[in-house]
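Me: Hello! Could you help me learn to read salt bridges and surface patches in a protein structure?

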Amino acid sequence: MVSQASSPSLLEALSSDFLACKICLEQLRAPKTLPCLHTYCQDCLAQLAEGGHLRCPECRETVPVPPAGVAAFKTNFFVNGLLDLVRARAGGDLRAGKPACALCPLMGGTSAGGPATARCLDCADDLCQACADGHRCTRQTHTHRVVDLVGYRAGWYDEEARERQAAQCPQHPGEALRFLCQPCSQLLCRECRLDPHLDHPCMPLAEAVRARRPGLEELLAGVDKNLAELEAARMVEKEALAQLREQAARVGTQVEEAAEGVLRALLAQKKEVLGQLRAHVEAAEEAARERLGELESREQVARAAAAFARRVLSLGREAEILSLEGAIAERLRQLQDCPWMPGPAPCLLPQLELYPGLLDKSCHLLWLSFEKQQPQKDSGKDGAGSQVGEETENQREDEAKTERQSRVQPQSKGGAQTPKEDRTQTPQEDGAQTPKVERAQTPKEERAQTPQEDIEAQTQRGSRSNKKRKFKGRFKSVSREPSPAPGPNLEGSGLLPRPIFSCSFPTRMPGDKWSPRITGLCPFGPREILVADEQNRALKRFSLNGDYKGTVPVPEGCSPCSVAALQGAVAFSAGARLYLISPDGEVQWRRALSLSQASHAVAAMPSGDRVAVSVSGHVEVYNMEGSLATRFIPGGKASRGLRALVFLTTSPQGNFVGSDWQQNSVVVCDGLGQVIGEYGGPGLHGCQPGSVSVDKKGYIFLTLREVNKVVILDAKGSLLGDFLTAYHGLEKPRVTTIVDGRYLVVSLSNGTIHIFRIRSPDS
């Protein structure tokens, strides 16, 4: 049985690192093979041996050291043979001087021998032209293969040399290994066979290989089958992980949408209730003002009549008092018989009635349920085993369905609500039925209202005891856990932008020699991005759909780091230089930058006719002609030597945003260097601030590579919350950019690009 895998060639074995020791990283010396089939130098293994054991540096398997030491490990004759071939090819320098003939000194010639021009593959000797001709004509060596020395050194005859190469006995130099001792499983030369193995049955090496090769090939085929199964299992695991991440991102988006919907409905109800309260207070104030006016009028009339009567009684003479007695008495009786109060004033005090479930700690409007991924059924498998599997799957589906239906509605003070009492109303229906001002609703008379109508469809009713029984099992650890997706954030009374996943694509192209290392991104025309691949020394163009559009040629030897697109030109930094090139790759100008900074961040000004670059803690701005337009330090001269801007971008308002690694903060400044805001708080999680981008509304998107996050800040640098996390598929995000003001492009360390649409809160 032949192995399904392709056999490695001799050239691959000689040119790869197969002959290098993984410990000292040099060519193997006295190679010894461990039971795990990894080969190292004998001296290197001796350094690793400790306490009678050593651990393989590659597979980490613990191997016992033989009593005789590491020298008792099996000698790798296969590697020795390849090393002999490599040494024979590398011996001498044909350009400096040809090697000497090995036979001339034996035949009485010159002591050093003549210049060699040929090589005998059987004798492994270099020969001059005369000795080579004689070597072909003698009876003992006329069958030997004599080849040109130049071709041999070039590797033309490696296969033939390998076939004629004989393994040398380590105990008897000059003797080739010819036999296999069957009881001892040891390779023997003629001297070894005559001494301790004389009575042992031995076989020639060729015959022994023919006898044992089928068993090894059968074992190899079995391992190949296992490898195929492992590869298939690995692919299934990767697909499951990718599906999990995709589903997690989708569920996270759903959670955000549901939470935002609930918040919008709650804010709408807040506005409506406050409006009702304001209307009630205004109506009550108007009625109170009318009553106060009437009371004040009556009080004024009564007070004036009483004052007149007191003056007459205190200052009038007898005749005057008696003449006015009738009028005063009639008026006072009239005022006395008139009711002083217009009646009890209706005063209805407002009371807030909350939905009982909002105060119940056990009430969760959002929850997660976990379903087992359905594997693809093999149509060729049937029988009792498949039937049992189907029954188990059906039972689990029923349990999950019952568990989802066993969610409990919040209870009021009077006890559990019945389905009739637990009716819900949408905010619109609740707004249509405005309660009257004269009579406030009691909790028993008021119907329960949910913040949003779709919560009714998601919430299933059931008993509390059923829910507890379900959560005692495998759902117990996740029944009350909040969703891992980031929740909504508030800025005042509004919501923050949220991401909508658009697409993802790799940036490695067929012509790339290395895996991409994306160090720069920038928008390049409508719905297109320019990617700086420093590892492959290329500026690649991609559409927002992941279509490859070609490259922008760069000068030979340049490795673009940061990149920015201007009007009809592209600016990028490479090493300690700033380049401005045309889209066709023509260099328009180059400027030398400071050598004190390893990389220089480049950003285009909003006008598109100037480019900014960070240089040793300050910012330099160049125009299209390459002249220095302005130069400033964020914070002024007082900050000289205290800044290290590793990432830089500009906002549509003309401000600069940079990641300062010396202050470990994000700094926002204007075109004169005046600091508008700076953030270095706990929201950075102790990480160095990464790439920064600004959208059309001024929101700042900051990359935190160590924690796999992109956080959002306002225009003054205040942290607002998380925008992207690992649940959105982020794995070591590297650089970002904003395209068309509403697409966030994120590159990962593995060369993959994710694109998210920024959805504004008012959309």
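**Salt bridges and a surface patch**

Reply: Happy to! Leu-359 counts as exposed, because its relative accessibility is 63% (exposed means over 50%, buried under 20%, partly exposed in between, with a 1.4 Å probe and protein chains only). Before going on, note that this is a predicted model, where local features need pLDDT of at least 70, side-chain atom pairs count only at pLDDT 80 or more, and totals for chains, interfaces and linings use all residues. Residues are numbered from 1 along each chain as its sequence is written, and side-chain values use heavy atoms, leaving out hydrogens and water.

Me: How many salt bridges does the structure hold?

Reply: A salt bridge is a side-chain nitrogen of Lys or Arg within 4 Å of a carboxyl oxygen of Asp or Glu. The structure holds 19 of them. One of these joins Lys-540 and Asp-512, at 2.5 Å from N to O. Lys-540 lies in strand β17 and Asp-512 in the loop between β14 and β15, so the pair ties together parts that are 28 residues apart in sequence (strands are DSSP runs of E, at least two residues, numbered from the N terminus).

Me: Is Lys-540 buried or exposed?

Reply: Lys-540 is buried, with a relative accessible area of 2%. Asp-512 is buried too, at 15%. Lys-540 also meets Asp-533 in a salt bridge of 3.0 Å, N to O, and Asp-533 is buried as well.

Me: Which residues are linked in a network of salt bridges?

Reply: Glu-257, Glu-260, Arg-264, Arg-498 and Arg-759 are linked in that way.

Notes
Helix = DSSP H or I, 4+ residues; strand = E, 2+ residues; numbered from the N terminus.
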